[in-house]
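Here is a short tour of aromatic rings and their neighbours. Have the viewer open as you read along.

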Amino acid sequence: MIEASKGARVGNYIIDWACYSIIYVIVINLVEYAYYYLFDEYIMPPDVFFYLGYSTYYFVFEFFTGTTPGKRLTKTEVRNRYYEKPKMKAIVIRSILRVLPWDALSFLFGFTGMHDSLSKTSVYLKEKPVQD
């Protein structure tokens with residue numbers, strides 16, 4: 001299998017960030033409106049809900065499908081070092097480490113990010129590129 005390029009990984013990140021942001025805004029607005037309807041006052045959810053949701057977004061997609069919407073569009077998937085579907089523990093580690101600010105910075109100093117190296121996983125192309 002061929003590892004995904006940094007460009008594909010950046011594309012994954014941007015697409016997934018946009019998808020998660022849309023989902024988050026919809027869910028938070030529904031919760032706020034329900035709370036207002038029930039208690040006649042507005043609430044502002046703490047930031048921790050954003051980060052819990054972000055980790056959950058990645059966990060659900062990567063555990064059940066091995067991909068996220070971004071990875072589907074770039075035709076990549078998560079695999080362990082033996083090119084197998086990762087175990088739940090590895091996906092949990094990947095998902096939790098994504099919310100740490102230095103995880104994104106870890107890509108600047110190497111090919112794999114912290115969430116890849118500590119979970120012993122990586123992102124690979126699903127199909128081999130066509131060669132001329």
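This is a predicted model: local features need pLDDT of at least 70, side-chain atom pairs count only at pLDDT 80 or more; totals for chains, interfaces and linings use all residues.

The ring partner of Y83 here is Y124, in an edge-to-face pair. Y124 counts as buried, at 7% relative accessibility. Y83 sits in the loop between β1 (76-80) and α4 (88-97) while Y124 belongs to strand β2 (residues 121-125), so this pair ties together parts that are 41 residues apart in sequence.

A search of the whole structure turns up 17 aromatic pairs. Among them is the edge-to-face pair of Y54 and Y58. These two tyrosines are 4 residues apart in helix α2 (residues 47-65), which means that about one helical turn separates them. Y54 is buried, at 4% relative accessible area, and Y58 is buried too, at 1%.

| Aromatic pair | Centre to centre | Angle between planes |
|---|---|---|
| Y54 and Y58 | 5.1 Å | 80° |
| Y83 and Y124 | 5.3 Å | 75° |

Y54 and Y58 also belong to a cluster linked by ring pairs, whose members include Y13, W17 and F61.

On the surface, V10, Y13, I14 and W17 form a nonpolar patch with about 390 Å² of accessible area together. I14, in helix α1 (residues 6-39), is exposed, with a relative accessible area of 52%.

Notes. Residues are numbered from 1 along each chain as its sequence is written. Side-chain values use heavy atoms; hydrogens and water are left out. Patches are made of residues with over 30% relative accessible area and no salt bridge: like charges are joined within 9 Å, nonpolar side chains (Val, Leu, Ile, Met, Phe, Trp, Tyr) within 5 Å. Accessible areas come from the Shrake-Rupley method with a 1.4 Å probe; for residues, only the protein chains shown count as cover. A salt bridge is a side-chain nitrogen of Lys or Arg within 4 Å of a carboxyl oxygen of Asp or Glu. Buried means under 20% relative accessible area, exposed over 50%, partly exposed in between (1.4 Å probe, protein chains only). Rings of Phe, Tyr and Trp (its six-membered ring) pair if their centres lie within 6.5 Å; planes under 30 degrees apart count as stacked, over 60 as edge-to-face and the rest as tilted.
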